[in-house]
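Keep the sequence at hand as you read.

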Amino acid sequence: MRVYKKKSYEQECLEWQWEQLRFRRKYKDTPGGFQDKETERTAVRQWREEVDRFRRNSCHRLTSSEIFSREPFAGREEELTLLKTSLEDREGPVILYGIGGIGKSALAREYIRRYGKTYEHILYLSFRTTIQNMIEDDFDVRISNVQYNKELYENKRKYFQFKYDILKEIVRKEKTLMVVDNCDVEYDKDMEKLFSLPCQILVTSRRHPLAWGDYGGIQVGPLKTQKEWDEFVRCYRTEGFSENRRQEFDDYRKKVEGHTLLTQQKVINPDEEFSGLEEFQKDLFKRLHLKAEEKKAMTYLSIMPVQGVPKKIFLTISGISEQTIDHLERCIMAQQVYSGNWQDDMIFLHPIIGEGAREIFNPTTDNCCHLIRGFADYLYGEDGAYNKTWNNSYRDNQKMEPYVFAFVKAFPKPAPWLAEKFDQLVTFLWIQGYYEEAEQYSKDLYQAVKEYYGECHQITGQMALRLAAVYHNSLAHEKSREWYIRGVEILEKCKPFNQLHLYWLASGYGKVARLLWHDGDMDGAKKMIEKGIESQFRFQAGIEEKTESLVSRSDQGMAYLLLEKGRIHLKCGEIEKAEEICEGLFREYSETRVMKQFRINDFTEFRIRLLMERGEYEQAENWARENVERAIFYRGKEWKDTMQSKKLLAHILRLEGKIEEARRLYDESFWFRLQIGGDHVDNY
């Protein structure tokens, strides 16, 4: 039995108002009804505004960021006191500014460790490319019942504004500290908007605060007293310096004007010497005589996000040994700090060291090809059939978003010989709702492949189909049609490049069959799906080495082609043929990865519709409820797949006479469609 939470008075009022809107629309010819469309749209818009206000005020909770619990820190008591006073006394941001590597970020984290308990919420955010990108990230800025959805918000800009408004209301009521780390940008169109949030804001930057306006700034310089420097040395050495070594260290510290990162290196590597920051970045890796694997590790780490990468993931995707990482930590090249969110150590580079590594080692698709392959395999599993990411929950995938964007940023021109691996990044983007980014990167990838392999090549045809999938999932159906047809034409003309030629041709035929039955050409759809199944059989028969990857692709490809065939028979009213296919699918694939986790919803929906045709509504309802719960778990409450599952359940409930629950589900689906805009109201 399902138990629902008791509704508040305001929620009941909103639902009552919605019923009034429905009656006014239904009885528009009466005095109380809507006299014209404009009056109706105005009333619906006002109701939506009330719903938004209610949700913002009573349904959203902010989750604080995790702060590393242990980190070397020495001195700076004066700066900490000044920082505390400045945050309490000033409106607007307080900016810690100074040269790179001087200790601004460490000072901000130490402030949180000392005074964090005085706040209800702490957001520690690393600035990436824009303020919008930073705020809209649902992993770093987590607010309950707020999640990006292409269908709800149309684009990222609208979602940013929606989420910003909710965040503003939360921090107005609940004492919050927001830290924006490494904000070195010269200009951002949303900077004033960010700095106007009614909370305490702390920014670390290499820029002077006057570059942005009349904001409060605290300059972070070298440690000031001998006592502080003694503490600093003890943070990194278990044994003290000899008298001669101590004098050398003091002389060097004065020479580099107390630069924290440079003196830190001197403590760990007393035989090395760098005259200044520029020389440090230029010569550090040469002077330390890094081994080949250590250089490779630094190259790989230099493209990772500033917050670092979980150790287990990095070792898995890179092939780098744990001993190498530990050695780099001892050299103060890399750092490792435990993360409760990941239940693992995070490996990261100081921004200055990261810049130096990128400058010296120049990460490219050539010297990072092993990392690119490893990361793509990690995202999807080694079966290469997209099962891992597709079956993960939205939240689980969200943890990987910074790393996907790091790869996209590091390799803006995808290598054609790694086309399938880069396409896996594209697929991740559209699964997570980043349709614009997925489209652009997929177009770049297709262009690179076409220039490298030519217009009539298997890889070119494959990438055309993948670009079509991006358009299909972003609901750009005309472009999707164009690219599916183009992909099939290329694959039909070209010579096979490898065993996957027939697999991709079969996939293309299946997609064109779907286009045809949506157009009402059922005979054409039947012929096309048979061509797809025939190609898939030939692919299965021709597999020379039955690796896990090829078998998984084969099973999944055949299952979805048969599913499409069953849907066509159902659309034609050929129920017995559709039922035969359905039973065969569950008999053949129910114990395989094809029908595990989220993917099973595609197949159970087909079975549900067959049960409805037979009038077996109670059984159909049970399956449909499972679909809804599974969609909520894997995609969230307000995702397209969830709403489709709810709508199907509502149809069944209506047929069973369970009108009130059906109406509630229809209303949820209708409210969802209202968020899209347009004339969906008229089609309700």
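Arginine 614 is partly exposed, at 40% relative accessibility. Here buried means under 20% relative accessible area, exposed over 50%, and partly exposed in between, with a 1.4 Å probe and protein chains only. Its partner is glutamate 616: the two side chains meet in a salt bridge, 3.2 Å from N to O. Glutamate 616 is partly exposed as well, at 31%. A salt bridge is a side-chain nitrogen of Lys or Arg within 4 Å of a carboxyl oxygen of Asp or Glu.

A word on the source. This is a predicted model, in which local features need pLDDT of at least 70, side-chain atom pairs count only at pLDDT 80 or more, and totals for chains, interfaces and linings use all residues. Residues are numbered from 1 along each chain as its sequence is written, and side-chain values use heavy atoms, with hydrogens and water left out.

Move on to helix α30, residues 617–635. Helices (H or I, at least four residues) and strands (E, at least two) are DSSP runs, numbered from the N terminus. Helix α30 has 19 residues and reaches 26 Å from its first C-alpha to its last. That is close to the 27 Å expected at 1.5 Å a residue; the expected span is 1.5 Å times one less than the number of residues. Its buried residues are Ala620, Glu621, Ala624, Arg625, Asn627, Val628, Arg630, Ala631, Tyr634 and Arg635. An α-helix has 3.6 residues a turn, so residues three or four places apart point the same way. Just after α30, glycine 636 takes a positive phi of about 100 degrees.

Now step back. The protein chain holds 32 helices and 10 strands. Of its 684 residues, 54% are buried. Take contacts (heavy atoms within 4.5 Å) between residues at least 6 apart in sequence: 70% of them join residues at least 24 apart.

Glutamate 19 sits in helix α1, residues 9–26. Glutamate 19 is partly exposed, at 24%. Leaving aside residues up to four places away in sequence, glutamate 19 touches Arg663 and Asp667. Glutamate 19 and aspartate 667 are 648 residues apart in sequence, yet 9.8 Å apart in space, C-alpha to C-alpha.

Back to charges. The whole structure has 28 salt bridges. Which arginine pairs with aspartate 423? It is arginine 466, with the closest N and O atoms 2.9 Å apart. Aspartate 423 lies in helix α21 (residues 419–431) and arginine 466 in helix α23 (residues 458–473), so the pair ties together parts that are 43 residues apart in sequence. Aspartate 423 is buried, at 1%. Arginine 466 is buried too, at 11%. Glutamate 79 and arginine 76 also form a salt bridge, 3.4 Å from N to O. Glutamate 79 is buried at 7%, and arginine 76 is buried at 4%. Glu77, Glu110, Arg113 and Arg114 are linked in a salt-bridge network.

Finish with a helix pair. The axes of helix α9 (residues 226–236) and helix α10 (residues 243–255) come within 13 Å and cross at roughly 115 degrees. The contact is made by Gln226, Trp229, Asp230 and Val233 of α9 and by Arg246, Phe249, Asp250 and Arg253 of α10.

How values were computed:
Axes are lines fitted to C-alpha atoms, for helices over the stretch in contact, and angles run from 0 to 180 degrees between N-to-C directions.
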